Amino acid sequence: MPSPAPAADWPFETPQERILRLERRVAELEADQNRLTATIDLLRDREELLSLAMRGPNEGLWDWNPITKDLYLSARLLSILGFGSNELRTTTHEWLKIVHPDDRGPYERAVAEHLKGATSHFEHAYRVADHAGSWRWVLARGLALRGADGRAYRMVGSIGDVTELKRRESDQRASEARFRSLVQTAGGIILVLDADGVVTEANREAERAFALPAGGVVGRTWRDLIPEQQGGPFAYQLVAAMAGMEIRNFEHAWSDRDGGERVVLWNMNRMPEAEGAAPAIVCVGQDITRRKRAELALREAHDELEARVAARTAELSQEVQERRRAELALLAAKEQAELANRAKSDFLANMSHELRTPLNAVIGFASMIHRELVGPVGTPRYAEYGGLIVASGEHLLAVINDILDIAKVEAGKFEMHPQPVDARDAVASSVQLIRGRAGESGVQLSVNVADDTPVVLADPVRLKQILINLLSNAVKFTPAGGRVDLRVRRDGAWGLIEVVDTGIGMSGEGIAVALQPFGQVDSQLARRHGGTGLGLPLARSFVDLMRGTLSIDSVEGRGTTVRVRLPAAG
């Protein structure tokens with residue numbers, strides 16, 4: 001202890017004694033100054049050590065009076081939250097303002113439980129708003145100081161920023177949730193076995209495959225699920241997988257509880273060992289029992305099919321030989337028919353002169369008798385008979401000419417002489433021949449030749465024959481009171497001739513029949529007027545030889561339209 005100060009009641013102190021006393025006092029003060037400096041240095045060192053200790057884990061200090069609600073926040077704590085003050089004295093009410101609304105209740109309950117002594121120390125994680133307004137996770141730790149009555153009068157602790165830790169924990173939980181969701185929804189069997197072969201994890205497909213309730217697979221050994229004798233193939237593969245070998249597409253079959261065969265395709269692998277975790281094997285299996293049964297059934301069906309095919313092949317071989325003989329016979333008959341048809345066409349073409357010459361003589365002499373060119377016959381009826389002979393001969397000559405023309409076309413011996421032709425001339429001469437017949441039948445005949453009608457490339461004789469045939473048919477098959485229109489005009493690079501009537505018309509099948517040589521559409525009107533059925537076939541053949549087109553549109557009971565297109569001369 002320092003010596004007492006000099007007193008005035010020391011009357012007997014000599015000057016030397018007083019000097020000595022003062023020297024001792026100075027020495028005592030110097031010793032006190034040295035002790036104070038050492039204490040200050042020690043405090044500064046401890047404060048630096050505490051600052052380093054708090055800065056390392058990124059934590060700050062707080063000091064709270066639960067009675068007055070005063071709260072002290074260290075500079076380090078404020079810097080964690082983004083504030084620039086060195087330190088801050090505030091209140092509990094102000095601090096709660098920056099606590100997340102969802103975390104205020106749990107935070108206050110945790111503090112209250114510690115103040116009541118329910119917990120030995122305070123530790124709680126919650127969210128607070130930093131200086132930028134963002135929410136940050138903090139972990140608060142603290143300890144209450146209590147008086148003799150056990151009542152807390154002070155609480156001191158630290159706060160650390162655990163935002164990144166919380167984010168990693170959240171990411172890890174989400175990753176684990178996704179992984180478990182994938183495992184549970186996987187279509188294959190997934191088992192995790194420990195070193196003793198006990199199932200530690202299993203998915204729903206495993207529970208379904210082994211006919212066990214939810215959670216009924218975990219805790220069992222694999223031998224409880226897969227009946228196999230000691231040293232079986234599944235156990236061997238497990239040993240290999242535990243040794244680090246990757247097992248791929250191991251096909252394993254066993255008998256299930258119902259006595260049927262069960263086949264599963266397994267893939268096995270040893271799981272990576274985490275620190276402190278026991279070794280384990282993940283087994284992923286695909287039940288291929290149905291596929292195996294289908295393959296077996298397919299093989300049996302294939303074998304049966306091959307046997308049937310072999311038997312059928314033998315039968316077909318005989319049938320093929322018989323069919324080949326029939327085809328050869330048919331081919332020979334076809335060739336004979338074609339030869340006969342060609343011979344017929346050649347014969348008809350060659351008989352042109354022989355058929356026409358005597359018929360011309362019959363017509364000529366009958367005409368002379370009919371006209372009494374060399375003198376009177378005497379009886380008037382002979383003149384009438386002569387007229388009938390002339391008309392019948394002319395009709396017969398027309399028929400023979402048509403037949404011979406068809407024969408020449410089929411034999412390829414018909415000669416066509418296309419040249420520039422004014423369609424008006426062919427129209428005029430054709431209409432002149434048909435108009436009288438139309439009047440006798442009570443059919444109105446109209447002609448319309450456009451001014452832009454082009455000169456066409458055609459054989460003039462055959463063009464006239466085409467028009468006469470088409471107009472004759474139109475008049476013949478149009479009842480009295482009907483109408484026939486002949487229209488001629490340009491159609492692009494073509495000259496277009498249209499013959500339109502309001503006659504009986506034809507169906508699609510009737511058109512096909514009418515275009516065949518000697519074809520007769522089955523109708524009472526056609527039979528009443530007769531005919532050889534060569535008009536349309538000849539017209540189409542002539543048009544084809546002149547590099548044109550002929551088309552027919554017809555509706556039964558409403559009429560027919562025939563269109564002939566011939567190439568324009570220029």
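These legends go with a few close-up views of the structure.

This is a predicted model, where local features need pLDDT of at least 70, side-chain atom pairs count only at pLDDT 80 or more, and totals for chains, interfaces and linings use all residues. Residues are numbered from 1 along each chain as its sequence is written, and side-chain values use heavy atoms, with hydrogens and water left out.

**View 1. Helix α4 and its buried side.** Helix α4 covers residues 101–115 (helices are DSSP runs of H or I with at least four residues, strands are runs of E with at least two, and both are numbered from the N terminus). Its buried residues are D103, Y107, A110, V111 and H114. They span an arc of only 95 degrees around the axis, so they sit on the same side of α4 (the arc is that of the directions from the helix axis to the C-beta atoms). Over on the other side, P101 and R109 are exposed. Here, buried means under 20% relative accessible area, exposed over 50%, and partly exposed in between, with a 1.4 Å probe and protein chains only.

**View 2. An open sheet of five strands.** The strands line up as β8-β7-β11-β10-β9, with antiparallel pairing (two strands pair if DSSP finds at least two bridges between them). At the edges are β8 (199–202) and β9 (247–255), each pairing on one side only. Zoom in on β7 and β11, and you'll find six bridges joining them.

**View 3. E205 in helix α6.** E205 belongs to α6, residues 204–209. Its relative accessibility is 18%, so E205 counts as buried.

Technical notes:
The expected span of a helix is 1.5 Å times one less than its number of residues.
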